[in-house]
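The points are grouped by topic.

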Amino acid sequence: MRLTVVGCSGSYPGPDSPASCYLLEEEFEGRTWRVLLDLGSGALGSLHNFADPLTIDGVLLSHLHADHCLDLCGYYVMRRYHPSGHAPIIPVWGPNDTPGRLAGAYDLAPQPGMHEEFDFRLYPSGPFSFGPFQVEAIDVEHPVPAYALRITAGGRTLVYSGDCAPCEGLDRAARGADLLLAEAAFCDGDENPEGIHLTGREVGELAVRAGADRVVLTHIPPWHDKQIAFDEAREVWSGPLELARVGAVYEI
């Protein structure tokens with residue numbers, strides 16, 4: 001699998017990155033399959049630098065906060081009104097109210113809403129297959145329904161935390177990850193509200209418990225110094241560690 005960082009800013013687009021979006025690619029049955037992990041604020045424009053957006057096979061949403069899903073509104077416009085014609089429907093997995101949330105965001109009636117562009121699907125209770133990818137969405141702790149995504153192809157596993165606080169679901173998702181892509185929106189020692197985000201230290205501790213191979217820290221808000229998150233994680237995690245940046249590519 002190849003992972004490309006399309007956007008990695010936390011909470012809103014920052015000066016050097018749009019909000020959350022990651023492109024995952026794998027060769028299968030004679031072609032390249034492409035899925036997006038989230039499509040947050042500002043990410044659709046950045047996606048053009050790494051792939052033709054009309055070649056995306058599906059979208060996996062971690063949750064429905066704007067910095068993880070809102071550019072599906074622009075993507076709806078592109079797929080509906082592109083000069084090459086109305087693009088084929090592609091699947092979008094997400095929480096139960098995904099169709100209504102996105103229709104409302106673009107001021108559309110619920111029907112047809114975006115159903116003529118996207119085949120909205122709920123995550124099943126266990127793993128499912130899509131092209132070369134085996135996907136498992138695991139409930140994690142956040143103020144809204146949210147999932148960590150565990151994706152395997154070619155015998156290798158990527159785990160994307162989405163947004164969440166430390167919880168049993170995240171530990172279960174991260175176990176044995178070849179690459180752990182984890183948010184680190186909070187700083188250790190701050191008066192952080194409970195049940196929302198991880199700190200760099202908590203990601204490092206997670207990686208140790210999970211026996212992860214590599215760690216990439218992401219979703220750091222523009223008001224925080226990314227190096228603080230890195231240093232916190234490094235205090236407890238001695239393995240390969242990087243800060244996400246737009247355009248970074250990881251072969252998993």
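**Surroundings of Ala 174**

Beyond its neighbours within four places in sequence, Ala 174 is in contact with Arg 150, Val 159, Leu 180, Leu 206 and Ala 210. The model is predicted.

- Ala 174 belongs to helix α5, which covers residues 168-174.
- Its relative accessibility is 0%, so Ala 174 counts as buried.
- Between the C-alpha atoms of Ala 174 and Gly 211 the distance is 8.4 Å, although 37 residues separate the two in sequence.

**Nonpolar cores**

- The largest nonpolar core holds 30 residues, and those that touch the most other members are Leu 3, Leu 60, Phe 133, Leu 149, Ile 151 and Leu 158.
- Two or more residues of this core come from each of β1 (2-7), β2 (21-28), β3 (31-37), β7, β8 (133-140), β9 (146-153), β10 (156-160) and β11 (179-183).
- Strand β9 gives the largest share of this core, four residues.
- Apart from neighbours within four places in sequence, Leu 60 is in contact with Leu 36, Leu 37, Asp 38, Trp 93, Tyr 123, Phe 128, Val 135, Leu 149 and Ile 151.
- There is also a second, separate core of 28 residues, and Ile 138, Ala 146, Leu 170 and Trp 237 are among them.

**Helix α3**

- Helix α3 spans residues 72-81, and its residues Leu 72, Cys 73, Tyr 75, Tyr 76, Met 78 and Arg 79 are buried.
- The elements against which the buried residues of α3 pack are α1 (43-47), β4 (58-60), α2 (66-69), β5 (90-94), α4 (98-105) and β6 (118-122).

**Aromatic rings**

- The count of aromatic pairs is eleven.
- In the pair of Trp 93 and Phe 130, the ring centres are 5.1 Å apart and the planes stand at 70 degrees; the pair is therefore edge-to-face.
- Because Trp 93 lies in strand β5 and Phe 130 in strand β7 (residues 128-130), this pair ties together parts that are 37 residues apart in sequence.
- Trp 93 is buried at 4% relative accessibility, and Phe 130 is buried with a relative accessible area of 13%.
- One aromatic cluster is formed by Phe 28, Trp 33, Trp 93, Tyr 123, Phe 128, Phe 130 and Tyr 147.
- Over the ring of Trp 33 sits the charged end of Arg 31, 4.0 Å from the ring centre.

**Salt bridges**

- The count of salt bridges is 13.
- Lys 226 and Asp 16 form a salt bridge through their side chains, at 3.3 Å from N to O.
- Since Lys 226 lies in helix α7 (residues 226-236) and Asp 16 in the loop between β1 and β2, this pair ties together parts that are 210 residues apart in sequence.
- Lys 226 is partly exposed at 27% relative accessibility, whereas Asp 16 is exposed with a relative accessible area of 52%.
- A salt bridge also links Asp 119 and Arg 121, with the closest N and O atoms 2.9 Å apart.
- Asp 119 counts as partly exposed at 30% relative accessibility, as does Arg 121 at 35%.
- Arg 201 and Glu 235 form a salt bridge in which the closest N and O atoms are 2.3 Å apart.
- Arg 201 is in helix α6 (residues 200-210) and Glu 235 in helix α7, so this pair ties together parts that are 34 residues apart in sequence.

Definitions and conventions
Residues numbered from 1 in each chain as written. Predicted model: local features only at pLDDT ≥ 70, side-chain atom pairs only at ≥ 80, totals over all residues. Heavy atoms only, no water. Buried < 20%, exposed > 50% of the residue type's maximum accessible area, 1.4 Å probe, protein only. Contact = heavy atoms within 4.5 Å. Phe/Tyr/Trp six-rings, centres within 6.5 Å; stacked < 30°, edge-to-face > 60°. Lys NZ or Arg CZ within 6 Å of the ring centre and 35° of its normal. Core = buried A, V, L, I, M, F, W, Y, C linked by side-chain atoms within 4.5 Å. Salt bridge = Lys/Arg side-chain N within 4 Å of Asp/Glu carboxyl O.
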